[in-house]
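Hi there,

Here is the structure I promised to pass on, with my notes below it.

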Amino acid sequence: MKVDVLLGLQWGDEGKGKVVDVLTPGYDIVTRFQGGPNAGHTLEFEGQKYVLRSIPSGIFQGGKTNIIGNGVVLDPILFRQEAESLAASGHDLTKQLCISKKAHLIMPTHRVLDAAYEAAKGAAKIGTTGKGIGPTYTDKVSRNGLRVGDILHHFDEKYAQAKKKHEIILSGLKYEYDIVALEKEWFEALEYLKRFRLIDSEHVLNNFLKEGKSVLAEGAQGTMLDVDFGSYPFVTSSNTVCAGACTGLGIAPRNIGEVYGIFKAYCTRVGAGPFPTELFDETGEKLCKLGHEFGAVTGRKRRCGWIDLVALKYAVMINGVSQLIMMKSDVLDDFDTIKACVAYKINGQETEEFPFDISEGVEPVYIEMPGWKTDMTRMTSEDEFPEEFNAYVNFLEEELGVPVKIVSVGPDREQTIIRYED
């Protein structure tokens, strides 16, 4: 068997959680391979709304094994809050959820460092969520990190050493803080973490594959936030692309199967950073309002714009996307005209290649198509799609060179239309 990978192709917030939930019945195992509690995957079904931050989105489909992979960074406090909230709503995770021993822990001082670094940047802030993600990945790369498996081996000593290094840095930054209460809660949450199966996930996953079991790997954030290929430095701290599934789970490239690329029918971005197709007019406000574009974790208002096919083609190429999934199609239901950016104009020259730097001097080149002016939220079949919408989908498929397999016409899991079966 192969590992199918599902990831975002834009600047995050594409709707990955909903699609994982929809696809999970076809898999034995669902696993997260990177990111941390800065990710917010929203799912709606049976009149309830859930926001997952670290836990894989396959958790609601009974009988499936869910794994938090080694590429994830985990905050015990936020994990406990998330798990207890789900348990209160009738979803006990202790039998379904496993956690990689090699996943790194977000310490209380990581949160403080995140705030201190951001404050020191002043006007050059990158818009971090303040969850300690960046400092945790920094410690991982510099070989100073704490891992989940460490809580079983001389942990107090390892924690004290790591904390001392952080305190020296914070002293140099002259940043005042008090983590006594936070630290107490953190250690209590560590004990809660021990209720779950802590596993050598790379062995477990590869053994599952040998047994013929199917695996779906769930990415967080989006391709344009990848630390190597995104709009650097306004990116996250991990590899959000398909290759990150290999390093974030311990699986070989030859074991990658389908690559599902998720994108919105338009484009959004939260926080700071360049955004070529951003709209600052009534159309941008309308997209925000109709799309309910506010961060699931941070609550921050998302910046909105037309779809960017230059960036999207780049993301398709980098990830080797084999099937596309278009989200929030219904948000465009009431527009007379739909625009799509097909090229950038830089210094008077047009290009369809995503450049090294998009921070300034990038002018989007648009084409226009007629809107469908039809309420798609009650549609249940591709046969009901208006002609103008079909034209939009066909245009995207031709531009991107990949078929659109799934179209979402609303937030509920039932508002999902599969255009063709494998």
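C341 is buried, at 0% relative accessibility; here buried means under 20% relative accessible area, exposed means over 50%, and partly exposed is in between (1.4 Å probe, protein chains only). The closest cysteine sulfur to that of C341 belongs to C267 and is 9.5 Å away, which is too far for a bond. C267 is buried too, with a relative accessibility of 1%. The structure holds zero disulfides, a disulfide being a pair of cysteine sulfur atoms within 2.5 Å. C267 is therefore in none either, and the cysteine sulfur nearest to its own, in C304, is 9.1 Å away.

Before you go further, please note that this is a predicted model, in which local features need pLDDT of at least 70 and side-chain atom pairs count only at pLDDT 80 or more, while totals for chains, interfaces and linings use all residues. Residues are numbered from 1 along each chain as its sequence is written, and side-chain values use heavy atoms, with hydrogens and water left out.

Now to the salt bridges. There are 25 of them in the structure, each being a side-chain nitrogen of Lys or Arg within 4 Å of a carboxyl oxygen of Asp or Glu.

- K102 and E202 form a salt bridge, and their closest N and O atoms are 2.8 Å apart. K102 sits in the loop between β7 (97-100) and β8 (104-105) and E202 in helix α7 (residues 201-210), so this pair ties together parts that are 100 residues apart in sequence. K102 is partly exposed at 33% relative accessibility, whereas E202 is buried at 17%.
- K286 pairs with D334 in a salt bridge, with 3.4 Å between the closest N and O atoms. These are distant parts of the chain, 48 residues apart: K286 is in helix α9 (residues 282-291), and D334 is in the loop between β15 (323-327) and β16 (337-346). K286 counts as partly exposed at 29% relative accessibility, and D334 is partly exposed at 42%.
- E382 and R419 form a salt bridge, their closest N and O atoms being 3.2 Å apart. E382 is in the loop between β18 (362-370) and α11 (387-400), and R419 is in the segment after β20 (416-418), so the pair ties together parts that are 37 residues apart in sequence. E382 is partly exposed, at 26% relative accessible area, while R419 is buried at 17%.

There is also a network: salt bridges with shared partners join D13, K264, E293, R302 and K328.

How many residues of helix α1 are buried? In α1 (residues 16-23), seven of the eight are, so to speak, under cover: K16, G17, K18, V19, V20, D21 and L23. Helices (H or I, at least four residues) and strands (E, at least two) are DSSP runs, numbered from the N terminus.

Best wishes
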